[in-house]
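Subject: A structure for you to explore

Hi there,

Here is the structure I promised to hand over. Please open it beside this email, and then read on for what was found in it.

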Protein chains: 2
Amino acid sequence: MSRPLMVNAFDPAQAAELPDAVALLLERRRRVLGPSYKLFYEEPVHVVRAEGVWLYGPDGTRYLDVYNNVPAVGHCHPHVVEAVTRQVARLNTHTRYLYDIVLTYAEKLLTTFPAELANVMFTCTGSESSDLAVRVARNVTGGTGVIVTENAYHGVTAAVSEFSPSLGPGVPLGPHVRVVPAPDAYRLGPDVGAIFAGHVERAIADLRRYGMRPAALVTDTIFSSDGILPGPAGFLAPAAAAIRAAGGVLVADEVQPGFARLGEAMWGFARHGITPDLVVLGKPMGNGIPLAGVVARPEMLADFALKARYFNTFGGNPVSCAAGLAVLEVIEAEDLQRNALEVGRYLLDGLRNIARNFPSLGDVRGAGLFIGADFVRDPVTKEPAPEIAARLVNALRRRNVLISASGLEGNVLKIRPPLPFSRGDADIFLEAMQSALAEQG
Amino acid sequence: MSRPLMVNAFDPAQAAELPDAVALLLERRRRVLGPSYKLFYEEPVHVVRAEGVWLYGPDGTRYLDVYNNVPAVGHCHPHVVEAVTRQVARLNTHTRYLYDIVLTYAEKLLTTFPAELANVMFTCTGSESSDLAVRVARNVTGGTGVIVTENAYHGVTAAVSEFSPSLGPGVPLGPHVRVVPAPDAYRLGPDVGAIFAGHVERAIADLRRYGMRPAALVTDTIFSSDGILPGPAGFLAPAAAAIRAAGGVLVADEVQPGFARLGEAMWGFARHGITPDLVVLGKPMGNGIPLAGVVARPEMLADFALKARYFNTFGGNPVSCAAGLAVLEVIEAEDLQRNALEVGRYLLDGLRNIARNFPSLGDVRGAGLFIGADFVRDPVTKEPAPEIAARLVNALRRRNVLISASGLEGNVLKIRPPLPFSRGDADIFLEAMQSALAEQG
């Protein structure tokens, strides 16, 4: 039987076997939060504090965080804590007044982008950023069509959920949306870039057949929810050329790969040798303080600005900007991009060693600290094995190692820890993997 | 000539006459922020810190804040600062793990609502909340139509901007959206409740004529951007009955009136003797830390939860919840609802005294610390006089009093200070108003 990756506190059968303290919290959740609130793992994790790559339970149990990219520079990083603490006591308002920190932050953020990407607009969530980016893309192209990968997730606003197929059949795709298979080099081979571009071209043609012009290809640069598809580096370039040739723009969703995670570069698109038209930023940007944005070629925004009167009350507020600035400072000061590169390679090697003894671990791939472990029923057919991934996620949780799975079939372990993840942390994780796999036989 | 309420830093003609330090900040904004970023006032305000109802410039100039509802319990309130400072150093993660503060906060928040409104879902912005509320309304009703007032503003996501007519002609309304005149008792008389309900009924009939069923009437409970329309209390009840009779639900947008501002009640809908189906919360909720939500009758959410897989990464994070909890504690501890009631009445009286000598101030109205001053060209025809409001906004800014205007024509001063606004603060404001009006002759 496949085990659940998530528990719904509203299912009494699932809640019955849990410890009392956890059951009490579940009961409180059931009463006040909407039933959409689900929890990770068969046995949910109760946390009271966090530091670096560790989360702590009320009894002092510590959990190794191998999953969360929001606390990008480590949970409760003292430099971010200090920046937020200072700013929240000093000034927190909106961008209809002049203040320095939104500019200092925007300037520093933009130095990490190619010169063509010279403007930034701030929002509060990746969803708001995806929503804004597609509004901008539609305005500048005059098209409406949006192309995404088969199991993409770009956010939860009404408009964005229409092009987030990973939300499942309960959330219909928009009539202007086309989905294409993700560029899975493990199953499609090294020509995946040309194959992917071919799918994008057919999606463009299909939109045209329905009388629609394409506005944007919206794409992860490492295809997170499609199962962590990092390479070969450069494989996005032909698809980028295809969407532009058709009059659309390229929207790179850097919510997950961005902010130095991929080791080789600050931004995932750089690995592909391309410069997007619009870049969507989110999760790790403020280390947990809500902060997100859209980085853009200025020519994308000019006409939109005249028409749309876009204003985001909390977007670019001084406290969020202070957090964002501190994140960039920590990435630099602690050389976290290099750490992501080095520890990422170490993890890849370790996982590949493990894979030798476990043929169900069909593929290990990644860039920096964004790694997928692809489980299959058969290494020749490469048929996805979500049941193995789900068992492992729960087995690792019992070993106090927090992780989850992704992919169209849910068969890919998503290894995406905070960036200060060390070799020692990697050893703990690898040992837990080894043991959890051995347990499954 | 009408003076601008907002300056676009991208217009060199507007920027030419500004002080050097301000011009430098404008130049930096022009370079890095998108051209959507506008500033209040002919001469923008540069701020470096804030406290209570005051914002401070770099030279120590202090500005009385008569406008901002985001710092609801006062800028940089020490109790909120302390709560954020404590929590950001301890734990900041998402609701897929169990932690206490999201529940403690949700429980406390829900005690301020009628018992039927028993669930809350957290988001980061009012826009996300409006977006979610309408998705929920459509799911539960099976309808698509959305009815709003003529100059309503409910947010900036793609979906919400389609029912935010105040964004202007550059942002087309959705084909499923109908707008109705706002219930302006000053111009329509005391039967405004019946008149408003009549408009809603005609909008429902018009939707039906186009083959659409209504999903929701989305409405402010004091009609902020429509020009501050507070009464007579109870006037929303007939419209609420009308939308429900047609199978739609009532979505109350409490982003501006909520959190004790109206003095008589914690929530604006209570003044009308109604209980909405969904309530949208935002701006003041975290005193500036991004925090927003939707409060709902549980039966609204049940089916939506099964289908939509809604998850908001930053929604309900411990730091935002700590800020939200502290805001509720301060409202109680400092009796800010009573302060809003008492100082609101004092302000109304003071403004009505001023109005005796200035016939262009046609109407002064409000509830608690949400007051509109309606300027007209002629007190008999009540023709709106936006040019007077715009001149006043800039004249008050020169007196270091910060305010803005609203209404379909922009003729209504929007008086909406932080809740600790005192009688002494009111005196400063009233004196500045008297002087600015006298200056205009």
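Let us start with Arg309(A), whose place is in the loop between H10 and helix H11 (318-333) of chain A. Helices here are DSSP runs of H or I with at least four residues, strands are runs of E with at least two, and both are numbered from the N terminus. Phi of Arg309(A) is near 50°, a positive value in a residue other than glycine. Arg309(A) counts as partly exposed because it has 18 C-beta neighbours inside 10 Å. For that label, a residue is buried if 20 or more other C-beta atoms lie within 10 Å of its own, exposed if 12 or fewer, and partly exposed in between, with C-beta atoms placed from the backbone.

Before going further, a word on the source: this is a predicted model, in which local features need pLDDT of at least 70 and side-chain atom pairs count only at pLDDT 80 or more, while totals for chains, interfaces and linings use all residues. Residues are numbered from 1 along each chain as its sequence is written, and chains are lettered from A and ligands numbered from 1 in the order in which they are written.

Most residues other than glycine have a negative phi, and most peptide bonds are trans. Cys76(A) also has a positive phi, near 50°, and is not a glycine. Look for Cys76(A) in the loop between strand E5 (62-65) and helix H3 (78-88) of chain A. Is Cys76(A) buried or exposed? Cys76(A) is buried, because 22 C-beta neighbours lie inside 10 Å.

There is a cis peptide bond between Gly231(A) and Pro232(A), with omega about 5°. Pro232(A) sits in the loop between strand E9 (214-220) and helix H9 (237-245) of chain A. In chain B, the bond from Gly231(B) to Pro232(B) is cis, with omega near 5°, and Pro232(B) is in the loop between strand E9 (214-220) and helix H9 (237-245) of that chain.

Two copies of a chain are related by a rotation about an axis and a shift along it. The same surface serves both copies, as 100% of the contact residues of chain A recur in chain B.

The contact takes 80 residues from chain A and 80 residues from chain B, where two residues are in contact if their C-beta atoms, placed from the backbone, lie within 7 Å. On the side of chain A that touches chain B, the largest share, 6 residues, comes from helix H10 (residues 298-308) of chain A. That side has 47 nonpolar, 20 polar and 13 charged residues (Ala, Val, Leu, Ile, Met, Phe, Trp, Tyr, Cys and Pro count as nonpolar, Asp, Glu, Lys and Arg as charged, and the others, Gly among them, as polar).

One helix pair to look at between the chains is helix H2 (residues 20-32) of chain A with helix H4 (residues 101-111) of chain B, which pack at an angle of about 35° with their axes 10 Å apart. Axes are lines fitted to C-alpha atoms, for helices over the stretch in contact, and angles run from 0 to 180 degrees between N-to-C directions. Leu25(A), Arg28(A), Arg29(A) and Val32(A) of H2(A) meet Leu103(B), Ala106(B), Glu107(B) and Leu110(B) of H4(B). This contact of H2(A) with H4(B) has 5 nonpolar, no polar and 3 charged residues.

**Two loops in chain B**

Ser164(B) is in the loop between helix H6 (158-161) and strand E8 (177-180) of chain B. Ser164(B) counts as buried, because it has 25 C-beta neighbours inside 10 Å. Asp59(B), in the loop between strand E4 (54-56) and strand E5 (62-65) of chain B, is exposed, with 8 other C-beta atoms within 10 Å.

Happy exploring!
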